[in-house]
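Let's take a friendly walk through a protein structure and see who sits next to whom. Keep the 3D view open as you read.

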Amino acid sequence: MTDVRIDVAIVGAGFAGLGAALQLSRRGRESFVVLERGEEVGGTWRDNTYPGVACDVPSHLYSYSFAPKPDWSRVFAPGAEIQEYLRACAREVADHVRLRTEVLRARWEEDHWVLATSTGTVRARVLVLAAGRLTEPRVPAGLDAFDGPVFHTARWDHSLDLAGARVGVVGTGASAVQVVPRLAAAAAHLTVFQRSAPYVVPRGDRAYSAAELAEFTADPRVPAAVREETFTDMERGLAARRLVPSALEPLRRRALDHLAAQVPDAALRAALTPDYEVGCKRVLLSDDFYPALGRDDVTLAPALVGYEGRSALAEDGSRHDLDVVVLATGFHATRQPYARRVVGRDGLTLDEAWAEGMVSHASTVVHGFPNLFVLDGPNASLGHNSALHVIESQLGYLLGALDHLGTHDRSLEVSRAAQQAYTADVDAMAARSVWLQGGCSSWYVDQRSGRLTLLWPDTAGEFRRRNGTFDPEPFLG
């Protein structure tokens, strides 16, 4: 690829990017390209291959409604199975996917986008950013002080045999609760460094029986009904995030009862009891995290503060001798690294436009950036339901915008007033939520502005009602 002229350039080949490609192709649009810096498609499911990696949304809801997979093996699909599903979906648009192609710069020039990539230049009328929010690992400073291997869960080093090793895990978030039980079973000793205790509820995962799989495959209405039932059940979870007592109290009790049932040791249980409201941070699902922490060869330590040689120092002054450190420290989610590479109409980067936190209209378009559509970006994730529902809503918005562009010569740029009104509306909803009222510090909230910039603070259904259909009215004439 040297110099390509195209109608639509899509950056990223994870769920959002491949979903956009599939929808374009199925509507007869062939002038598009998917630019992916990795060796293969899959996004976060390509990058995360740590032991125990799996989805925490039930399988039938964590897949495209327009590309159902009836034969998911389990209620919660393992990461490798999700990755294979994405590979299978990608085969339909394989001719449009350019792997090992990193976008170095994207600049708006008069009436189109010019993308400088590692394999050449792409000129596109429309730019779709589908780079995701869980792509750039957050790595604490001072790693060079540890005299041994250190790697992030999203960059797992499979060349290392951790059997019989002294392993440290930094963090107790969503990745940690999955990897800790596996490491506890293999390591000579495991030390888990916890900054703040998570709320954990029972997972209840299981393999589907042969009879269930046969029924799913024979009658598409059956998995579709499972999907709809799961979606409806998860929608009810928003009430707790809105601090409705009748919903909040049962969720809190469910988590604390799970803790009490699985951690009989009073001191350990106290250390694992959160000091903020349930739902303020991501509520985790696990049946084996607490039992792993209760093993004699596992130590729960306070937050990591530094290293000396092959020793890790905890916040309480304790020293822990380690051979390997595994970082389960999350990602740069509210400050998207790709935003520094996107330059809009007046030479302003997307990162500069988002200096006070990500903003948008309809969680998809940004003032100052004509013909740009951001998928899975500002306020386009959920804290209670499947991200795939939001992505599909955004794809509906994108397709409507492309249809509009097909009949109009002008570029599409949302007005500043519309963006400000939308942002104010989202902020008002967020102000009444547990994410801002729950007494915690989370990756959902932009630390500079204090705004909830990652999550949509309403139901998934309301997101689709408001943002799933393109409306040209808020755009500049």
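What follows is a short tour of strands, rings and charged pairs in a predicted model.

Start with strand β14, residues 311–314. Ser311 and Leu313 point one way from this strand, while Ala312 and Ala314 point the other way. In a regular strand, side chains alternate between the two faces of the sheet. Here, all four of these residues are buried.

β14 has a partner on each of two pairings. With β13 (residues 304–308) it runs antiparallel, joined by four bridges, and Tyr307 stands opposite Ala312. With β15 (residues 319–321) the pairing is antiparallel too, over three bridges, and here Ala312 stands opposite His320. Now look at the turns: the β13–β14 hairpin has two residues between its strands, and Gly309 takes a positive phi near 60° there. The β14–β15 hairpin has four residues between its strands, and in it Gly317 takes a positive phi near 90°.

## Rings that meet

Next up are the aromatic side chains, which form 18 pairs. Take Tyr199 and Tyr276: their ring centres are 5.5 Å apart and their planes sit at 85°, so this pair is edge-to-face. The two tyrosines come from distant parts of the chain, 77 residues apart. Tyr199 is in the loop between β9 and β10, and Tyr276 is in the loop between α9 and β11. Why does Tyr199 count as buried? Its relative accessibility is 5%, and the cut-off for buried is under 20%. Tyr276 counts as buried as well, because its value is 8%.

Trp456 and Phe463 make another edge-to-face pair, with centres 5.3 Å apart and planes at 85°. Trp456 is buried at 0% relative accessibility, and Phe463 is buried with a relative accessible area of 0%.

## Charges over rings

Some charged residues lie over ring faces. Lys69 lies over the face of Trp72, at 5.2 Å from the ring centre. Arg203 does this with Phe76, at 4.3 Å from the ring centre.

## Opposite charges

Side chains of opposite charge can pair when their charged atoms come close. How many salt bridges does a search of the whole structure find? The count is 34. One of them joins Glu36 and Arg46, whose closest N and O atoms are 2.9 Å apart. Glu36 is in the loop between β2 and α2, and Arg46 is in helix α2. Both Glu36 and Arg46 are buried.

Asp56 and Arg282 form a salt bridge too, with closest N and O atoms 2.4 Å apart. This one links residues 226 apart in the chain. Asp56 is partly exposed at 21%, and Arg282 is partly exposed at 29%. Finally, Glu40, Glu84, Arg87 and Arg91 are linked in a network of salt bridges.

## A threonine in a loop

One last stop: Thr101, in the loop between β3 and β4. Is Thr101 buried or exposed? Thr101 is buried, with a relative accessible area of 3%. Its side chain makes a polar contact with the side chain of Thr119, at 3.3 Å.

Terms used
Residues are numbered from 1 along each chain as its sequence is written. This is a predicted model: local features need pLDDT of at least 70, side-chain atom pairs count only at pLDDT 80 or more; totals for chains, interfaces and linings use all residues. Side-chain values use heavy atoms; hydrogens and water are left out. Buried means under 20% relative accessible area, exposed over 50%, partly exposed in between (1.4 Å probe, protein chains only). A polar contact is a pair of N or O atoms within 3.5 Å; within protein, one must be able to donate a hydrogen and the other to accept it, and residues adjacent in sequence count only if both atoms are side-chain atoms. Two strands pair if DSSP finds at least two bridges between them. Rings of Phe, Tyr and Trp (its six-membered ring) pair if their centres lie within 6.5 Å; planes under 30 degrees apart count as stacked, over 60 as edge-to-face and the rest as tilted. A charge sits over a ring if NZ of Lys or CZ of Arg is within 6 Å of the ring centre and within 35 degrees of the ring normal. A salt bridge is a side-chain nitrogen of Lys or Arg within 4 Å of a carboxyl oxygen of Asp or Glu.
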